[in-house]
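Open your viewer and get ready to follow the aromatic side chains, stop by stop. At each stop you will find what to select and what is there.

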Amino acid sequence: MLEATKKTPAAETAQIPDAMLDSSRLHSISKQRRNNTWAAIVAACVVLICLFGGLGAVGLLGPDEPRYAWIARAMAETGDWITPRLYGQPWFEKPILYYWAAALGFRLHLPSELAARLPSAIAALASALALGWLGWKHYGGEEFFLENPALLAPLIFSTTVAAIGFSRAATPDMLFSAAIALAMAAASSVLRGRAALRAASNAVLTGQGREEFALASFGIFLGLAVLAKGPAAVILAGGAIGLWALGASEWRAALRLVHPIVIGSFCLVALPWYVRCAARNPDFLHVFIFQHNFERYLTPVFQHRQPFWFFAWITLLAMLPWTVLLISVGQEGLRVWREKSWTHSPGFFYACWAFFPVIFFSLSQSKLPGYILPAIAPLALLCAASAPRAFQKSRTRAILVSLGISLVWTALALLTFFMARKFPLAGPGRFAPTAIAEFTIVIAMLVVWAMLFAGIRQNLWMTVTICSLTVAASVAVATTLILPALDTFLSARPHAAFLRGDLHPDRIFTYHLNRSWTYGLAFYFRRELPEWSPQDPDAALVLTNRRGLDEIVTAGRFQGELNETAEGILYVPISQVPASEAQ
């Protein structure tokens with residue numbers, strides 16, 4: 001045996017090329033790993049900028065943000081962690097999860113906007129990480145990491161309009177969507193362990209202990225989703241899995257997801273708050289379950305009626321700037337259909353996850369854009385899975401995809417160019433909108449040429465990197481320059497700060513302002529501002545709009561011209577009615 005292992009000089013010479021090959025291969029692997037590391041760093045930076053950058057750049061917006069933030073702040077201040085209260089009264093429009101998460105921020109004395117929006121940003125990050133984990137488990141491997149959904153899916157998701165917008169929204173929507181994503185990731189782990197879904201070649205199949213953990217995780221995250229927005233979570237997850245089981249004929253594997261471990265962990269997470277809240281508030285179940293769930297879905301009582309196809313357009317807009325990749329998703333779906341290979345396809349599972357929320361809420365009598373947010377994560381994963389094939393198949397297809405993304409940036413640049421001229425923001429200490437608009441056009445042209453070059457090279461990673469970095473740069477510019485300059489037009493924050501030292505705070509009123517302003521002013525003043533009446537004879541400061549100003553002038557309570565420009569709200573000083581006229 002020892003003699004057999006001796007090497008002759010000729011054998012040693014013959015092995016020199018092999019050694020050189022091994023050295024070259026090691027160098028190639030080392031270079032590849034360095035490239036993968038840098039790609040992961042770039043992706044992480046983009047994700048963090050897009051989801052966390054400038055959370056406090058503008059004050060709380062619309063009627064929902066200040067209303068939900070008020071409830072969370074009141075919860076932190078009063079210590080009542082069971083009953084949500086708006087202006088001291090129980091408010092059962094949404095369950096408790098968002099209020100708990102935001103109240104922790106208020107307890108830590110974070111700035112109001114950061115405390116209110118940070119839960120959504122963290123939830124969006126959790127969704128992105130769940131997509132990366134799914135990509136790794138179903139398509140993973142380091143060899144083609146730059147085109148792997150494990151890298152691309154979190155990047156695509158985090159740079160969509162939907163993720164950027166809702167990660168900055170002080171609402172339960174992103175928490176709900178993230179909980180659904182994490183629950184579906186846990187479900188896929190169970191199904192993969194049952195050989196109902198194909199796994200990546202390097203994936204470890206789920207053993208008994210791992211399966212029990214995945215089942216418990218599915219129940220926990222589904223319970224959190226119910227705490228975020230209610231029983232719709234069970235319908236969305238159950239409907240998507242049921243649709244997949246029907247198409248893949250995998251009912252045995254799907255029924256594994258109603259294991260006692262799932263039911264027990266779900267009940268342990270979801271039920272305690274519902275039971276305690278119902279015990280303290282006898283009208284809770286009627287108001288929340290029947291009015292804000294069944295009536296909202298079955299009737300137009302909340303005045304949010306939209307046509308059936310409403311969510312088709314919303315989905316296309318929500319996926320910007322990656323909407324064109326949905327074409328490659330459709331082509332991939334047709335290929336799988338023709339080959340009849342969808343049975344164990346992870347893509348078919350993701351498609352059911354994305355498709356069911358859109359169809360379910362399209363049937364609702366009440367439609368709001370945030371309803372289909374749970375569909376965005378799986379759509380991003382499908383885009384990340386189908387894009388490599390589109391780029392590899394032909395140069396023409398790669399160029400068309402890059403051109404489609406370029407057209408989105410061209411349209412956005414033109415929109416910015418025309419919209420920037422409508423805001424009177426030029427002045428001392430402010431940026432010139434025209435300069436920003438012209439600079440946007442120049443940057444868009446450079447992006448278009450770079451994207452076309454990447455398409456010609458059939459380089460998917462270059463295309464994704466250029467687009468993602470452009471999104472991140474746009475978010476950075478918007479949150480550092482544009483949104484702060486628009487704050488007085490959009491938010492009550494600067495107005496409340498300006499009036500906080502008024503000598504007669506009890507004589508500040510609102511008049512004909514919409515809900516966004518009244519809720520915002522109430523949050524920042526920490527009290528509801530009363531509505532002014534023309535019959536009030538005393539002097540006052542009235543916060544109003546042009547319509548209100550015209551009525552005040554007509555009533556003879558204000559004469560002359562206002563000194564300030566209309567920046568969201570008009571401050572109108574009301575003169576006191578002379579004693580002779582008051583009598």
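Start by selecting Tyr-297, Phe-310, Phe-311, Phe-356, Phe-360, Phe-361 and Tyr-371: ring pairs join these residues into a cluster. Rings of Phe, Tyr and Trp (its six-membered ring) pair if their centres lie within 6.5 Å; planes under 30 degrees apart count as stacked, over 60 as edge-to-face and the rest as tilted.

A word on the model: it is predicted, so local features need pLDDT of at least 70 and side-chain atom pairs pLDDT 80 or more, while totals for chains, interfaces and linings use all residues. Numbering runs from 1 along each chain as its sequence is written, and side-chain values use heavy atoms, with hydrogens and water left out.

The structure holds 24 aromatic pairs. For one of them, select Tyr-98 and Tyr-99, an edge-to-face pair with 6.0 Å between centres and 70° between planes. Tyr-98 is buried at a relative accessible area of 0%, and Tyr-99 is buried at 1% (buried means under 20% relative accessible area, with a 1.4 Å probe and protein chains only).

Trp-244 belongs to helix 9 (residues 232-248) and Phe-349 to helix 15 (residues 346-362), so the pair ties together parts 105 residues apart in sequence. Helices here are DSSP runs (H or I, at least four residues), numbered from the N terminus. Both Trp-244 and Phe-349 are buried.

Finally, select Arg-67. Its charged end sits over the ring of Tyr-68, 5.7 Å from the centre, and Arg-67 also lies over the face of Tyr-519, 5.1 Å from that ring centre. The cut-offs for Arg are CZ within 6 Å of the ring centre and within 35 degrees of the ring normal.

Terms used: Buried < 20%, exposed > 50% of the residue type's maximum accessible area, 1.4 Å probe, protein only. Helix = DSSP H or I, 4+ residues; strand = E, 2+ residues; numbered from the N terminus.
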